[in-house]
2 protein chains.
Amino acid sequence: MPYEFDSQTEVSRVADGRYAAELSPGWLVGGGINGGYLLAVIGNALRDRLPDKPDPLVVSAYYLSASTPGPATVDVDVRREGGSVATAAVDLRQGEDVRITALATYGDLGALGDDVRTTAEEPDLPPVEDCLPSSLAPPEVRAIAPLMDRFDMRFHPEQAGWTVGAPSGNGVLSAWFRLVDGREPDAISLLMVVDALPPVTFELGLPGWAPTLELTAHVRARPAPGWLKVRHQTRNLAGGMFEEDCEVWDSAGRLVAQSRQLARQPRG
Amino acid sequence: MPYEFDSQTEVSRVADGRYAAELSPGWLVGGGINGGYLLAVIGNALRDRLPDKPDPLVVSAYYLSASTPGPATVDVDVRREGGSVATAAVDLRQGEDVRITALATYGDLGALGDDVRTTAEEPDLPPVEDCLPSSLAPPEVRAIAPLMDRFDMRFHPEQAGWTVGAPSGNGVLSAWFRLVDGREPDAISLLMVVDALPPVTFELGLPGWAPTLELTAHVRARPAPGWLKVRHQTRNLAGGMFEEDCEVWDSAGRLVAQSRQLARQPRG
């Protein structure tokens with residue numbers, strides 16, 4: 001039995017550079033399909049198109065319209081291939097509507113050097129068993145977010161005021177994360193993980209879903225098996241928009257992905 | 001007399017969605033033309049193509065090959081226009097070679113709401129007169145970086161060890177910034193400012209220019225006139241690559257631009 005993440009993000013080649021996908025209703029959230037899931041679908045099409053560059057190094061996605069469950073087409077246009085990296089433009093469409101237009105550079109994360117000089121600090125999360133499982137999220141949140149059933153998330157108890165109607169007012173949200181059926185993380189699933197948690201604006205007392213205008217993810221290493229630590233932060237909500245930074249750390253204590261998105265402030 | 005930034009980033013329409021530009025040798029750095037300057041050229045083409053959406057909200061640029069002084073063509077393909085924002089794909093070419101492929105969303109920064117809930121803190125810089133002018137940069141740096149003559153930069157003295165061969169080892173570099181001829185900042189020039197300082201890796205003891213793979217900039221407000229504060233930071237140098245985050249604050253104390261780039265580690 002394949003894991004649900006793999007069967008639901010699968011693409012099949014229908015022509016050179018063209019892929020068919022079936023977007024699963026299990027990833028609905030609010031009025032559309034989760035942007036991270038869609039990035040993983042795109043990621044699989046790119047991986048097939050660039051067989052000797054298996055890993056996303058950076059992906060920038062612009063969300064043009066909300067995706068719905070059902071068939072989709074992914075078109076990959078390789079813009080430059082040569083040396084150790086390749087860059088491609090990608091469109092995800094449903095019918096005539098472009099849902100996402102993206103650029104991506106792929107390479108081989110296994111072939112990179114091992115010089116590490118990081119000052120980033122691993123998120124400080126209490127042990128998994130002392131964190132709050134996503135199953136405790138308010139029923140009104142779970143009702144509009146079937147995607148939460150895909151995940152086992154354990155929220156930092158001091159950053160989970162939103163679950164009981166008492167948001168901290170700080171722009172930080174962090175959690176342990178794994179897929180509910182035990183599917184281990186890899187470079188493609190990290191594209192989904194960076195957009196999996198509830199919007200960090202929940203902890204600012206702004207409930208409601210925050211539409212992403214643009215999300216850029218850097219995948220910095222192939223993750224080790226096991227729980228991931230995911231930390232979201234916003235520092236600047238202004239002019240009806242906010243940036244949301246995400247870090248993903250693996251069980252070996254490495255910063256494996258960083259992302260930033262620009263999103264519209266929830267009407268809340 | 002137009003300011004040099006305006007005359008050197010000017011584009012002229014040669015067909016619907018196609019623009020001609022003349023890349024100036026004054027923006028050379030290392031083996032190519034500065035990526036921020038190129039973003040501003042692209043930014044002017046987008047502004048012309050989208051007259052009622054005058055401001056960049058977000059631009060993601062993928063650098064495919066090094067640009068050289070001389071003629072260039074910018075092609076703008078509007079992917080979606082409707083409501084308050086428009087998204088376009090852009091290529092900057094020289095001859096047959098694509099130098100940059102980019103995506104951008106434009107809007108009207110003057111029409112945004114004024115709700116601000118920021119926790120970001122303004123960079124702590126000593127007064128301009130107590131900072132180190134860029135004219136003190138080592139001659140070998142200035143020789144390969146004519147673009148430094150475009151700027152009046154005043155570096156934080158505690159983050160300028162690289163100027164005297166004694167880098168701090170911290171991944172932070174900040175400076176006061178203005179254009180040398182007094183041209184005031186605007187939403188387009190911010191696209192240049194986010195990539196104007198020396199690579200933050202200078203302060204890690206890794207001299208040499210750091211080629212950008214991808215840079216995404218968010219412009220969050222139109223800047224007030226006067227000096228800008230610019231702060232660069234890297235937190236994760238690993239696998240031969242590093243991320244560089246940049247913040248730009250205006251003289252009114254507002255965070256007006258944020259950017260992140262993924263760059264290759266200098267060979268040092």
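## Pairing between the chains

Three bridges connect strand 15 of chain A with strand 9 (residues 116–118) of chain B, and the two strands run antiparallel. Within strand 9 of chain B, B:V116 is the bridge partner of A:A238. The model described here is a predicted one.

Beyond these bridges, 42 residues of chain A are in contact with 42 residues of chain B. Several strands of chain A each supply at least two residues of the side that touches chain B, including strand 5 (55–63), strand 6 (70–82), strand 7 (85–94) and strand 8 (97–107). Strand 9 (116–118), strand 13 (212–219), strand 15 (236–238) and strand 17 (255–264) of chain A are also among them. By residue type, the side of chain A that touches chain B divides into 18 nonpolar, 15 polar and nine charged residues.

## How the two copies are related

Chain A is superposed on chain B by a rotation of 180° with 0.0 Å of shift along its axis, and the RMSD is 0.0 Å. The two copies are therefore related as by a two-fold rotation axis. The same surface serves both copies, since 100% of the contact residues of chain A recur in chain B. Of the residues of chain A, A:S60 comes closest to the rotation axis, with its C-alpha at 3.4 Å.

Strand 16 (residues 241–249) of chain B is mostly covered, with nine of its nine residues buried. Both of its faces are covered. On one side the buried residues are B:M241, B:E243, B:D245, B:E247 and B:W249.

Strand 16 of chain B pairs with strand 14 (residues 228–233) of chain B in the antiparallel sense over five bridges; here B:H232 stands opposite B:C246. Strand 16 of chain B also pairs with strand 17 (residues 255–264) of chain B, again in the antiparallel sense, over nine bridges. In that pairing B:D245 stands opposite B:R260. The hairpin of strands 16 and 17 of chain B has five residues between the strands, and B:G253 takes a positive phi near 80° there.

Two bridges join strand 15 (residues 236–238) of chain B to strand 16 of chain B, and these strands run antiparallel. B:A238 stands opposite B:M241 in strand 16 of chain B. This hairpin has two residues between its strands, and B:G239 takes a positive phi near 60° in it.

## Strand 6 in both chains

In chain B, strand 6 (residues 70–82) pairs with strand 2 (residues 18–23) in the antiparallel sense over six bridges. B:E22 stands opposite B:P71 in strand 6 of chain B. Strand 6 of chain B also pairs with strand 7 (residues 85–94) of chain B, in the antiparallel sense over nine bridges, and B:V78 stands opposite B:A88 in strand 7 of chain B. Strands 6 and 7 of chain B form a hairpin with two residues between them, where B:G83 in the turn has a positive phi of about 70°.

In chain A, A:G70 lies in strand 6. A:G70 has 13 other C-beta atoms within 10 Å, so A:G70 is partly exposed. Leaving aside neighbours within four places in sequence, A:G70 is in contact with A:L23 and A:Q94. A:G70 and A:E22 are 48 residues apart in sequence, while their C-alpha atoms are 5.2 Å apart in space.

Helix 2 (residues 35–49) of chain B has 15 residues, which at 1.5 Å a residue should span 21 Å. The end C-alpha atoms of helix 2 of chain B are 21 Å apart, in agreement with that expectation. Helix 2 of chain B is mostly covered, with 13 of its 15 residues buried.

The largest nonpolar core holds 164 residues, of which A:I42, A:V74, B:I42 and B:V74 touch the most other members. Leaving aside neighbours within four places in sequence, B:I42 is in contact with B:V74, B:V90, B:L92, B:I100 and B:A102. In soluble globular proteins, nonpolar side chains tend to be buried together.

Definitions and conventions: Residues are numbered from 1 along each chain as its sequence is written. Chains are lettered from A and ligands numbered from 1 in the order in which they are written. A nonpolar core is a set of buried Ala, Val, Leu, Ile, Met, Phe, Trp, Tyr and Cys residues joined through C-beta atoms within 7 Å. A residue is buried if 20 or more other C-beta atoms lie within 10 Å of its own, exposed if 12 or fewer, and partly exposed in between; C-beta atoms are placed from the backbone. Two residues are in contact if their C-beta atoms, placed from the backbone, lie within 7 Å. Helices (H or I, at least four residues) and strands (E, at least two) are DSSP runs, numbered from the N terminus. The expected span of a helix is 1.5 Å times one less than its number of residues. Copies are superposed by least squares on the C-alpha atoms of residues with pLDDT of at least 70 in both. Ala, Val, Leu, Ile, Met, Phe, Trp, Tyr, Cys and Pro count as nonpolar, Asp, Glu, Lys and Arg as charged, and the others, Gly among them, as polar. Two strands pair if DSSP finds at least two bridges between them.
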